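User: I have a structure open and I want to learn how to read it. Can we go through some features together?

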Amino acid sequence: MITGMMARRLAPAIDPIAYAIKSKLSEYYPLTESSGSRYGLVTGHELYESTGTIGTASGLISGELAPNFTATNGQYLREATVSGSPMNVPSGGGNHCIFGWFYLNSNSGTQFIVCKWSATTAADLTYGFYISSGSFYGDNGGSTYYSAIVSASGFPAANWHFFCLWRDSTDGKVRLQIDNGTIYVSTSASNPSGTVPFTVGGTLSTAFEMAGRVNHVGFTSGSILTADERTWLYNSGSGRTAAELGF
């Protein structure tokens, strides 16, 4: 009895903001595994390697790893199916939010960091965050999609950056924020539906793969993050460990 009471007293306290974020998460991928499939900490959802073996490099947090995408041979991480996926959006779009950390080797070309898109038809685009022609895009939609656009000039390559992309059901518009800075908003409301599997490091094809790394990706279906929650996750550019979120 005494031992149990001491264990409870010595358990590390979870920040109330971290607790609020964790309660919203549909899935959370640290992406810190050394090889093979990467797994979510909320439901255990698997992201497997599309082909070959994806290498690793230093991650955002000291001592952690990150998948190191090379933009060759169609290598990216993907889920198997949209059936029952925690990465699906609510019916009609609703509130949803995806966030995480990315490190691009260069800001050239078109490189998809996270998305639900096959890169074959616009109708397959549910949401996506990518760089193209010197700007970052946060897309959300379906047969018609809309973008929040941020110039990449203030976010140099070969550095870690935090992104947060969300749809607010109050107006249906998509919003994009990088490094806890200015929030950019799409011109019109979107109406997305989950039509293809979720991918990291490219699209569901051999098009627009990225060269670089991704870490600590989270998704909320049915809710969005508050300004305080985004600021806590950004942590002045240092990010947060899975343990800090209570995992």
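User: Let me start with one residue. Is Asn 235 buried, partly exposed or exposed?

Analyst: Asn 235 is partly exposed, because its relative accessible area is 24%. Buried would need a value under 20%, and exposed one over 50%. Keep in mind that this is a predicted model.

User: Where is Asn 235 found?

Analyst: Asn 235 lies in the segment after H3. Its backbone deserves a look too. Just after H3, Asn 235 takes a positive phi of about 55°. Asn 235 is a residue other than glycine.

User: Which other residue has a positive phi without being glycine?

Analyst: Asn 180 is one, with phi near 60°. Look for Asn 180 in the loop between strand S13 (173-178) and strand S14 (183-185). Asn 180 counts as partly exposed, because its relative accessibility is 25%.

User: Back to H3. How should I read a helix?

Analyst: Start with the general idea. An α-helix has 3.6 residues a turn, so residues three or four places apart point the same way. Now the case here. The buried residues of H3 are Glu 229, Arg 230, Trp 232, Leu 233 and Tyr 234.

User: What do the buried residues of H3 pack against?

Analyst: They pack against H2, strand S7 (96-104), strand S12 (160-168), S13 and S14.

User: At what angle do H2 and H3 pack?

Analyst: Helix H2 (residues 16-24) and helix H3 (residues 227-234) pack at about 105°, and their axes are 10 Å apart. The two helices are therefore roughly perpendicular to each other. From H2, the contact uses Ile 17, Ala 18, Ala 20, Ile 21 and Lys 24. From H3, it uses Asp 228, Glu 229, Trp 232 and Leu 233. By type, the contact residues divide into six nonpolar, no polar and three charged.

User: Now the strands. How do I read a sheet?

Analyst: Strands of a sheet pair through backbone hydrogen bonds, either parallel or antiparallel. Here, eight strands form an open sheet with antiparallel pairing. Their order is S2-S3-S6-S15-S8-S9-S10-S11.

User: Which strands are the edge strands?

Analyst: S2 and strand S11 (145-151) are the edge strands, and each pairs on one side only.

User: Let me begin at S2. How many bridges join S2 to S3?

Analyst: Two bridges join strand S2 (residues 38-39) to strand S3 (residues 46-49), and the strands run antiparallel. Check the residues across the pair. Arg 38 stands opposite Leu 47. Tyr 39 stands opposite Glu 46.

User: What lies between S2 and S3?

Analyst: The two strands form a hairpin, with six residues between them. In the turn, Gly 44 has a positive phi of about 80°.

User: And the next pair in the order?

Analyst: S3 pairs with strand S6 (residues 77-78), antiparallel, over two bridges.

User: Now S10. Why is S10 described as largely enclosed?

Analyst: Count its buried residues. Six of the seven residues of strand S10 (residues 135-141) are buried, so the rest of the structure largely encloses S10.

User: How does S10 pair with S9?

Analyst: Strand S9 (residues 127-132) runs antiparallel to S10, with six bridges joining them. Phe 129 has Gly 138 in S10 as its bridge partner. S9 and S10 form a hairpin with two residues between the strands, and Ser 133 takes a positive phi near 50° there.

User: And how many bridges join S10 to S11?

Analyst: Seven, and S10 and S11 run antiparallel. Tyr 137 has Ile 149 in S11 as its bridge partner. S10 and S11 also form a hairpin, with three residues between them.

User: Last topic. How many disulfides does the structure hold?

Analyst: First the idea. A disulfide is a covalent bond between the sulfur atoms of two cysteines. The structure holds zero disulfides.

Definitions and conventions. Residues are numbered from 1 along each chain as its sequence is written. This is a predicted model: local features need pLDDT of at least 70, side-chain atom pairs count only at pLDDT 80 or more; totals for chains, interfaces and linings use all residues. Side-chain values use heavy atoms; hydrogens and water are left out. Two strands pair if DSSP finds at least two bridges between them. Helices (H or I, at least four residues) and strands (E, at least two) are DSSP runs, numbered from the N terminus. A disulfide is a pair of cysteine sulfur atoms within 2.5 Å. Axes are lines fitted to C-alpha atoms, for helices over the stretch in contact, and angles run from 0 to 180 degrees between N-to-C directions. Angles under 35 degrees count as roughly parallel, over 145 as roughly antiparallel, 65 to 115 as roughly perpendicular and the rest as oblique. Contact means heavy atoms within 4.5 Å. Ala, Val, Leu, Ile, Met, Phe, Trp, Tyr, Cys and Pro count as nonpolar, Asp, Glu, Lys and Arg as charged, and the others, Gly among them, as polar. Buried means under 20% relative accessible area, exposed over 50%, partly exposed in between (1.4 Å probe, protein chains only).
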